[in-house]
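Q: Could you walk me through how two of the chains here meet, with the terms spelled out as we go?

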Protein chains: 4
Amino acid sequence: VENHVNVRFWTADGQGGRVEHEEAGYDGPQRTWRAPDGGGPMATAADVAELLAVHPTPRGVDRETLARCIAECFDCALSCTACADADLAEEDLPEMRRCIRLCLDSADVCVATGRVISRQTEYEPETTRAQVESCRRSCSACAE
Amino acid sequence: VENHVNVRFWTADGQGGRVEHEEAGYDGPQRTWRAPDGGGPMATAADVAELLAVHPTPRGVDRETLARCIAECFDCALSCTACADADLAEEDLPEMRRCIRLCLDSADVCVATGRVISRQTEYEPETTRAQVESCRRSCSACAE
Amino acid sequence: VENHVNVRFWTADGQGGRVEHEEAGYDGPQRTWRAPDGGGPMATAADVAELLAVHPTPRGVDRETLARCIAECFDCALSCTACADADLAEEDLPEMRRCIRLCLDSADVCVATGRVISRQTEYEPETTRAQVESCRRSCSACAE
Amino acid sequence: VENHVNVRFWTADGQGGRVEHEEAGYDGPQRTWRAPDGGGPMATAADVAELLAVHPTPRGVDRETLARCIAECFDCALSCTACADADLAEEDLPEMRRCIRLCLDSADVCVATGRVISRQTEYEPETTRAQVESCRRSCSACAE
């Protein structure tokens, strides 16, 4: 699906990032959320912030920013996986090669990044930053 | 964090599943969602349903149920990763061994399952069902 | 690459499995190994057996069989990732859809399975078996 | 298992890397390979080179070096997963926190890196380099 996922990523502080998805066909990230079949939202940054809140050794980072980054990494992994698959079903498949490849990469990189930044025990800033930087680049390439 | 994540899983139709997280300390999955720092929710089932809606070759499954399953797999992967890490920081770490191990397994199994069920192109029911069944068992063991 | 990877899988005891790769163009798994540029082999079952040998709480399974299963899962993940990518570059890409999709699934399932069966601490037979069964099915579908 | 896995990593050309594992208790990477129960080695760089050799659009990189990097990434992911698990079973578990955390990170980063560098279709040097750099840092932190 061409231009199906538009990912932007930035790092405020070298610690995390931000990925937003905008679909061709709807107006950006949904602000007014509507539950499917009556249920509630799932992997929200608020939920992740709850998880972080009960961590025995919290770091001095802003919990909500970190929670948002973590949720966005997993969300981006999900979107990129789905995007690669939707591309694979396109009629003009040969034109989708580059998009599929970059989406597969981003999906892998986002899963790894989301897991790494989820870990607060024995936090290691240098390695975390390098992985977040890779995630930023991969998502940028994907969004072009 | 003992009993930190309570995961339940069921399959309606052998096709997907349902995972819910309840934190010790808050009252189950949040129905009234509150955005952190003014932003919107991220990986919601509604977003995933949007992704599925633009797939070139939609299957005959209920899109919202499938979307929910996908989002819940990624959400569970995130929660289990964070749970294993929080356990690792606990003072009574030796008592956490089993919880850490099962959370690490569930995180891996949920990532794989979330990816597999995200793919609609050339859908293969038998392999999908086997992976969803493994996910159900892994989440059940984790929730005990 | 059509029929590029031929994966077979069996479980002796419900505990592990076996995946072999045969390339169109060479005669099955290499028995007489030739090091590239003078180096040694990498992820061999012998190496994995060494890792298992120093585990503080060994299980009563045959170490070499288990080591072989672990190495084969990671090997299969690698092969399926490379196979999906090679397919993506094929001229007759539209005919590759099914192969790509199944390879992507198998790669994900094999990574998860390899990780799960690598864990000996607090071993959980039921969940392990379910994941190995999923791996068997995914590899079988891929090999057809 | 303290000092259980000693990982070194270098990049010759920003394109790949090298990870070697030395176990406390045996003399470095095995040069004279001994098959467990009569079988052959599994994920060797030679096998990966075979996979790369049949790729429809080969890049101008040295195939054997690339094959070695790919195999080493998957091998390192396997070793780090097994190492984190062996640490989890140690009696002096609280002293293992840092090692477990870094091994879990490296395992995730190595899987992502191994997958990214396996992809030759629509190769993207900048994103690949960033991920390889993250892998180098993660493995270095793990090896300290």
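**Where chain D meets chain A**

A: Between chain D and chain A there are 19 residue pairs in polar contact, both residues at pLDDT 80 or more, where a polar contact is a pair of N or O atoms within 3.5 Å; within protein, one must be able to donate a hydrogen and the other to accept it, and residues adjacent in sequence count only if both atoms are side-chain atoms. This is a predicted model, in which local features need pLDDT of at least 70 and side-chain atom pairs count only at pLDDT 80 or more, while totals for chains, interfaces and linings use all residues. Residues are numbered from 1 along each chain as its sequence is written, chains are lettered from A and ligands numbered from 1 in the order in which they are written, and side-chain values use heavy atoms, with hydrogens and water left out.

Q: Which elements of chain D give two or more residues to the side that touches chain A?
A: Those elements are helix 3 (97-118) and helix 4 (125-143) of chain D, helices being DSSP runs of H or I with at least four residues and strands runs of E with at least two, numbered from the N terminus. Helix 3 of chain D gives the most, with 11 residues.

Q: And how many salt bridges are there between chain D and chain A?
A: The count is 10 salt bridges, each being a side-chain nitrogen of Lys or Arg within 4 Å of a carboxyl oxygen of Asp or Glu. One salt bridge joins the side chains of D:Arg115 and A:Asp108, at 2.9 Å from N to O.

Q: OK, what area is buried between chain D and chain A?
A: About 2,500 Å² is buried, and carbon and sulfur atoms give 51% of it; buried area is the accessible area (1.4 Å probe) that two parts lose on being put together, summed over both. D:Arg101, D:Arg119 and D:Glu122 supply 25% of the area that chain D buries against chain A, more than any other three residues.

Q: What rotation superposes chain D on chain A?
A: A rotation of 180° with 0.0 Å of shift along its axis does so, with an RMSD of 0.0 Å, using least squares on the C-alpha atoms of residues with pLDDT of at least 70 in both copies. That is the relation of a two-fold axis. The same surface serves both copies, as 100% of the contact residues of chain D recur in chain A, contact meaning heavy atoms within 4.5 Å.

Q: Switching topic, what is chain A built from?
A: Chain A has 4 helices and 2 strands, which run β-β-α-α-α-α from the N terminus on.
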